[in-house]
Amino acid sequence: MSDTSFLYPFLSGNGPASSDQTALTVCADELAAAARASWAAGEILDQATLRTNDRSLDLAVRLVIECSTRRGRVFVIGNGGSACDARRLVRLLRPSIEARTLLDPVVITAVANDVGTERIFARQIESFVRLADVVIAFTTSGTSPNILGALAQARRLGAHTIVFTGYGGAALATNADVDVCLSVESSSVHRIQEAQGALTVALVSRVVSQLPKAAS
Amino acid sequence: MIVDACDSLAVAARCLSTRIVEGATLWAMAPGMDDHAHHVAVEFVHPSSVGATAVPAVAVTGQDDELLATMRRQVRAGDVIVSMGSDSADATFEVSRRSAAWGTDHVHLGWPDGESDRSLDPRTFVVRLDGDVAGEAALTRAYHLLWELTFICLHNQKLATHPSSTVDPVSCSVCADEATTTEVVEVLGNDRARVQSTCGPDVVDISLIDCVQTHDLLLVHAGVALRRLT
């Protein structure tokens, strides 16, 4: 949460949705000022995230390139906004790398309805993932049961795993099912996703710049 | 850049929150980057973890012509369209110039295309961002902040007031009275056409204009189309 969190009381559960609406007295100018403060804090977080994850990014790049040279495939997963971030990574990787999401709503609702939401990704990984593949997961909290289940399933199948997460890595930094943990030191879901966006751009940029040499 | 973008975001958030209170649906599109459209929609529909109201928000996806066709078919007067990406994307450009006829507000989070001479309608709320690949991270930050500011406004009544437009309405060149931008829905022979405007469907006289076609934008005053907007 940024220094302007007092302007977002509803984000901490104490806001007008559950208490007196007159408690909030921001004016229009403060609205723009709040945006500027959050924006600046976000940019600082992006840069810090890129610095602290530099070595992990290199490891992630190596896994993706090795996967590609072995004719493996990259599968990307995430829930909600993180599902959108998964789609973005695939969109940016696709010109260079065989990558796809596991986000077909028909499959997901089928598994969620008949088995449970915790199996929506693990079931698909069981179907698609092979030894040479890489599974990449986006999770701001690092605690989503369906992501943890998917990583465990990928590990059982011998695939490599990369996670983008928040809260400084939380439990995923030491999770035995995770090969590379790219983490953001923040507890704000929005700022985490934005910093993960910066990591995504850096990852794709390094893969694209190193792929031709690896391929040749 | 940050200062301008944040000032624009504050204005756009006040517009958006006003329209939401009035019952608007939010339509999100990002030509060539559908993932961002989905992200905006999920932000507004599903903020349940913070107890915020669910806003009807829809991701419109596909190629430019599909985007425009879907918008034309589904948006209603009072709705808000949020577009993202390059200013010169066909769908964004067309949504911008047609919003007056559709009665929608248009918020654009994006960057200019240096090679294009197209410019968006002055009534579009533009949040200006850098336009390289790294700019996509800024785009995500922009719509996250749009959501945050909109919800501050929604929970603070005095902020949920649509800022007055800085653009004067288009005037009739004969009497200086206000003229209306309309989109042709169907041509009814040589001298009449069914049109859509902010005020709803109407039939207007098109005898002063040659070769009117479906989807043309016409400037109408007192039931008569005065000229075609190109």
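This is a predicted model: local features need pLDDT of at least 70, side-chain atom pairs count only at pLDDT 80 or more; totals for chains, interfaces and linings use all residues.

Entry: a helix pair in chain B. I looked up helix α2 (residues 34-45) of chain B and helix α5 (residues 135-154) of chain B. Their axes come within 10 Å and cross at roughly 20 degrees. Angles under 35 degrees count as roughly parallel, and α2(B) and α5(B) are therefore roughly parallel to each other. Which hand does the crossing of α2(B) and α5(B) have? I found it right-handed. On the α2(B) side, I listed B:His36, B:His39, B:Val40, B:Glu43 and B:Phe44 as making the contact. From α5(B) come B:Leu139, B:Tyr143 and B:Trp147. I sorted the residues of this contact into 5 nonpolar, 2 polar and 1 charged.

Entry: chain B overall. I counted 5 helices and 10 strands in chain B. The chain has 230 residues, and 50% of them count as buried. I then took contacts in chain B between residues at least 6 apart in sequence; 59% of these join residues at least 24 apart.

Entry: a helix in chain A. Helix α6 (residues 145-156) of chain A has 12 residues. I got 16 Å from its first C-alpha to its last, close to the 16 Å expected. Buried residues in α6(A) include A:Ile147, A:Leu148, A:Leu151 and A:Gln153. What do the buried residues of α6(A) pack against? I found β1 (74-78), α5 (122-128), β3 (134-139) and β4 (160-165) of chain A. After α6(A) comes A:Gly158, with a positive phi near 85 degrees.

Methods
Residues are numbered from 1 along each chain as its sequence is written. Chains are lettered from A and ligands numbered from 1 in the order in which they are written. Axes are lines fitted to C-alpha atoms, for helices over the stretch in contact, and angles run from 0 to 180 degrees between N-to-C directions. Helices (H or I, at least four residues) and strands (E, at least two) are DSSP runs, numbered from the N terminus. Angles under 35 degrees count as roughly parallel, over 145 as roughly antiparallel, 65 to 115 as roughly perpendicular and the rest as oblique. A crossing is left-handed if the near helix is turned anticlockwise from the far one by less than a right angle, and right-handed if clockwise. Two residues are in contact if their C-beta atoms, placed from the backbone, lie within 7 Å. Ala, Val, Leu, Ile, Met, Phe, Trp, Tyr, Cys and Pro count as nonpolar, Asp, Glu, Lys and Arg as charged, and the others, Gly among them, as polar. The expected span of a helix is 1.5 Å times one less than its number of residues. A residue is buried if 20 or more other C-beta atoms lie within 10 Å of its own, exposed if 12 or fewer, and partly exposed in between; C-beta atoms are placed from the backbone.
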